[in-house]
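Trainee: Could you show me how to read a model like this one, beginning with the terms that I will need?

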Amino acid sequence: MNENDSTGNRSAGGQSGLLPFYSLDGDCFDFEREHIFEQSWVPVGYASDLSSRGDYLCTEIAGIPCVAVVDGEGQKRLFENVCRHRGTRLCTEPAGRLKSAFACPYHGWKYDFAGQLVSAPNMQDVEGFDRSEWGLGGYALREWSGLLFATQQAGEIELPAARLERIAKLYQLDQCRRVETISYDVAANWKLIFQNFNECYHCPSVHPQLTPYSDYRESENEFERGAVLGGPMKIRPTAGTISRDGTCCGTLPSGLPAEEHDKARYFTVFPNLFISFFPDYVMVHRLTPASVGRTKIVCDFLFHPETIESPGFDASKASGFWDLTNRQDWEMCERVQQGIATPGFKPSPYSNLESLLVEFDRHYRGQLERLGFDKMPD
């Protein structure tokens, strides 16, 4: 990226995209899941969903079922949602409240909210069995601006989302509450979805409903290097936000600075978080790679309490608009997944409207090299 395009962003400089191998090879996917997703800070939910002792929230990390819970001291913890005896799923409802322990419905093993095995019926006479060795597998859990992040990595590692601290404070993200969630199952590799979100070259042809509310050429990038990419896009003067009819879902939060009233801010956080800030709401995409050619996506819509409590509040104006837009994107990603499997296909150079894709590709390949992936094809 060695020059700027007309929007003031760095150009793609004629560099070509990732080879199809990276979105088609099973060994590459397995390496990503074990070394990138399990060892990075990945979003698993919201602190507002866990307020009292025993509150739990089911989630997953790279396809591993997990459950977050509030322990007796009010601390939030995250464990694998799997009984250590025969592998039974412990919690099956998306969320709820437990009285005193995780109880396996199969053979009655029980675990306290610190993950320790406290009861194992009929195991007392099993030679060599020690309850203390059979607690639930756990993860490090950290809260940032109301979002919960988890990792298997031992020790202190950087939380990339924290680079958005200034913007999160502007929009009072820590006070926002999840109002709606839409889930998707997309037949495409996670990187194709990541790349799609990082460019608006496709917006005029794929998202005609966006044109009345924002101009993809009226954008700039605040973050052009590393794990966090993206920046603001102007909302047209004739619209109040990005929604089904261009009007706000409710009253704007009183603490939102006036200079933010005409902006939509779009960011990606490697490896699986998209976070978008609008005057009246925040949209969060959380990606979970299910297989080399399949990705689960959860799209959450968060609102400030002032907005939620305002007369005529209607979250569907935002969620309905983005559900349409998401589905348009997912269709294109699935078509790409199908197309790159064509024997002999090679990606062309990027346009100057795809500069962030160059950086995403560079960062992604850099992670593979750093972590020791030994099948790099180019």
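Mentor: When residues are sorted by class, Ala, Val, Leu, Ile, Met, Phe, Trp, Tyr, Cys and Pro count as nonpolar, Asp, Glu, Lys and Arg as charged, and the others, Gly among them, as polar. This is a predicted model, in which local features need pLDDT of at least 70 and side-chain atom pairs count only at pLDDT 80 or more, while totals for chains, interfaces and linings use all residues. Residues are numbered from 1 along each chain as its sequence is written, and side-chain values use heavy atoms, with hydrogens and water left out.

Trainee: How many cavities of 30 Å³ or more does a search of the whole structure find?

Mentor: Rolling a probe the size of a water molecule over the atoms shows where empty space is left. Here the search finds three cavities of 30 Å³ or more, a cavity being a set of points on a 1 Å grid where a 1.4 Å probe fits but cannot get out, with lining residues having an atom within 4 Å of a point. The largest has a volume of about 530 Å³, and of its 38 lining residues, Phe197, Asn198, Glu199, Cys200 and Met233 are the closest to its centre. Its lining has 16 nonpolar, 17 polar and five charged residues.

Trainee: What is the volume of the second largest cavity, and which residues are closest to its centre?

Mentor: Its volume is about 70 Å³, and of the 13 residues that line this second largest cavity, Tyr171, Cys176, Pro253, Pro279 and Tyr281 are the closest to the centre. By class, this lining has nine nonpolar, three polar and one charged residues.

Terms used: 1 Å grid on protein atoms, 1.4 Å probe; cavity = no way out; pocket = protein on both sides within 12 Å on 5 of 7 lines; lining within 4 Å. Points joined across faces, edges and corners; volume = space filled by probe spheres on them.
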